[in-house]
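User: Can you walk me through this model? I have a few quick questions.

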Amino acid sequence: MRIFVTGIGVISAIGRNVAENLHSIKSLRTGIRKSLEYKLMIGEVPLSNEQLVQILNLPDEDFSRTTLLALPAAKEAWGNNKNDSRIRTGLISSTSVGGLDRTEKYYSHSQTTKTNDHYSLMIHDNGSTTERLAEELGISGHISTISTACSSGANSIMQGARLIEGNKLDRVIAGGSEPLATFDIKGFHSLNIYDKEICKPFDEKRMGLNLGEGAAFLVLENGQSISITGNKPICVLCGWNNATDAFHQTASSPDGKGAYLAMKNALAKAGISPDKIDYINAHGTGTGNNDLSESMALKNIFGNTLPSFSSTKGFTGHTLAAAGAIEAVYCTLSLVSQAILPNLNFSTPIPQTGLVPETHFRSLKIDYVLSNSFGFGGNCTCLIFRKY
Amino acid sequence: MAQDLKYELKKQIIEELNLEDMNPEDIQDDAPLFGDGLGLDSIDALELVVLLEKYHGVKITDEEVGKRVLASINTMAEFILEETSKKK
Amino acid sequence: MTKNIDSSSELVTPDYSEFIPAMDRRRMSHVQKMSIACALDCLQQAKIEQADAIIVGTSMGCCINTKNFLDKILDAKEGPVSPTSFIVSTHNTIAGQIALLMKNHGYNMTYTQNSLSYEQSLVDAILCCAEGLMNVLVGGTDEEEDSIYNMRARLKDDKILETSGASFFIVSNTKSKTGAVNLIDAGSFGLVKNTYETAVEFLQANNTTAHEIDIVLYALSGKSSLNELKSVFGAEKLFDYQEITGTYYTNSAFAMHYAIDILSNQPHPIFAEVKTVLVYNNLIPENLGLILLGTKNE
């Protein structure tokens, strides 16, 4: 059975929709800037909550920014799709922040919910932000939220494919949404892995990550659904896998075992050998640990056949739970444009590996694209897309 | 005075790193804090840097300095005394 | 006979040092310790060295650590912030820590869909088995924490007894000597207009009817009426599992354990023979979680 990607939508620091994101990538224009509020380099979506509510024509409600970012991306992907009782449809989103962006504003450690019953303390949970999205899209039934830190978005997409292949659903809108939150910014800064400048994925002098925010969704359909909707396939999702590093809560193992297993098994699922991959969109956060560990895993899988690869986090920042979904959309753009996407801010390879990422938006015949996403808890996911 | 400081450090370490089953008497002044000694890890190292700044007003900004200073209670106490006397 | 929960009830807390080394335990909140202890116990009971997948459903995740980190941020003001609570605050820390302690490199997933979190984990576990995995560790867990989430307001019920819990299971592809019951199916239905219609369709899809179900373990939110549930299934079959679990979003996992106990320990004190039990989780009125279990021969 083939899993077709028939809709894509994205909002990030480099654009409010697919076209704007692609334009920024082609122009090598980053969305990471010094934030006045946080005094750090951050990939912010340059729209306030109030502006998003207005643009989306939403009622006057204290929405979590998780929902406000998810909506434009999900609506763009959903397009003209409609509910149809013949098509079993689901929504799978992902987030780490959920309603925490509201909670942290009203949180006070001297109070419990008996003394502080602000509305935001009712929407703190991840699931409620997804339900709000489902309501706006008119979807009911299989509504799900995955939360596996930085691999979440990719896991949502993988789960959508598995449910379709397992004959539980025919059509799934899957992706993730992650707003900026003081919680995360302070958190990553406390780990000493935050670059004061714009991040330098895979570079010898990389100093850490920059955080970003955004959302992205894909619409996945089986053949039966397409025969009813008439949607045109953009590409095919042909391989996926999730594996665990089991080395440390936050650091990746020196040989990138989890990453290695996820890629190996995803290739097996796709039924292809490593040399068939034409482009890799790496996790590439710009931290000392990830980029080295991921490079070792890439070398172990691909050996002498390592194709062009890049991290696009120099454009968007690390968007945590949304990253896997945003980068999945970028992979489809790579296939549609028949081009390798560039890795910004690279000048010198990591001495232990000598690997050089692609630094230009370069035309190439591309049949297969591989995308990596790795999260806290050693959670490693790999997706493989094929040209339609 | 240095002994008081070392005892205080041990208490703070036990509390901040949540070493539930330990007492200050269980930590030797010269025992390695990382690896085979107390068995602390990279996250604990970050916590110790915060501890030094929060309770003793001294900062570690360099990874190499950090490795040297955080080796044992002795090296941590020495660093605090050095940095504090520089300020005077 | 089980004693019903009340406001004086205390959480049963084993000696976690039997399961978790001190240097790992020191960073763990309730929800992580409960889950790891359950998970390791499951492996022992099933007599397997390793699970092929670890799937956890948790609505609120590691909320005590989340609260702790919020406190650290407030206390630090502009100064340095202590990182430990942050790194163990993500929802998937539970499944991740289980994998770390077990040195498990398999599939690892975490669902966070409030009252449907556990059912979604189970749906995934069933899918894993259909894909050929042999032994899947699956669980539902939540810890009580009342400063960052107002469950009473969300469920519109001031009388709920909020508590914590963790229930884990090994779901296997093949019948084994230690296998207790048959997990027939699980379903997660969000924003449902008619929960009873949805339940009847679910049962139909599993070649059965409401009439044929022997026992229904249910949870309804405070304001919901029991009448329709009675008319669909029959009043004599209904048992409110929240009387023994208290309220947390993944308490349907406990109900599944209770169902397994009922099916494995026959004859039942009230019913002659219990062949099927349905867990009917309608804790949030518009969300319906269903778990259908039967004896080994069903």
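This is a predicted model: local features need pLDDT of at least 70, side-chain atom pairs count only at pLDDT 80 or more; totals for chains, interfaces and linings use all residues.

User: What does the domain assignment give for chain A?

Analyst: Domain 1 (3-229) and domain 2 (240-387) of chain A. The bounds come from an automatic or database domain assignment. The C-alpha centres of the two domains lie 21 Å apart.

User: How many residues of domain 1 of chain A are in contact with domain 2 of chain A?

Analyst: 60 residues of domain 1 of chain A, against 52 residues of domain 2 of chain A. Contact means C-beta atoms, placed from the backbone, within 7 Å.

User: Which element gives the largest share of the domain 1 side?

Analyst: Helix 6 of chain A, with eight residues. Helices (H or I, at least four residues) and strands (E, at least two) are DSSP runs, numbered from the N terminus.

User: And the core. Which residues touch the most other members of the largest one?

Analyst: A:Leu218, A:Leu220, A:Val329, A:Leu383 and C:Leu217, out of 221 residues. A nonpolar core is a set of buried Ala, Val, Leu, Ile, Met, Phe, Trp, Tyr and Cys residues joined through C-beta atoms within 7 Å. Buried means 20 or more other C-beta atoms within 10 Å of the residue's own, with C-beta atoms placed from the backbone. Helix 12 (residues 323-337) of chain A gives the largest share of this core, nine residues.

User: What does A:Leu220 touch?

Analyst: Leaving out residues up to four places away in sequence, its partners include A:Ile3, A:Val5, A:Ile164 and A:Leu237.

User: Switching to chain C. What is the strand order in the open sheet of five strands?

Analyst: 5-9-8-6-7, with mixed pairing. Two strands pair if DSSP finds at least two bridges between them. Strand 5 (182-189) and strand 7 (238-240) of chain C are the edges.

User: How many bridges join strand 5 of chain C to strand 9 of chain C?

Analyst: Seven, and the two strands run antiparallel. C:Leu183 stands opposite C:Leu293 in strand 9 of chain C.

User: What does helix 6 of chain C touch on the sheet?

Analyst: Strand 5, strand 8 (276-282) and strand 9 of chain C. The direction of helix 6 makes about 130 degrees with that of strand 5 of chain C. Axes are lines fitted to C-alpha atoms, for helices over the stretch in contact, and angles run from 0 to 180 degrees between N-to-C directions.

Notes. Residues are numbered from 1 along each chain as its sequence is written. Chains are lettered from A and ligands numbered from 1 in the order in which they are written. Two residues are in contact if their C-beta atoms, placed from the backbone, lie within 7 Å. A residue is buried if 20 or more other C-beta atoms lie within 10 Å of its own, exposed if 12 or fewer, and partly exposed in between; C-beta atoms are placed from the backbone.
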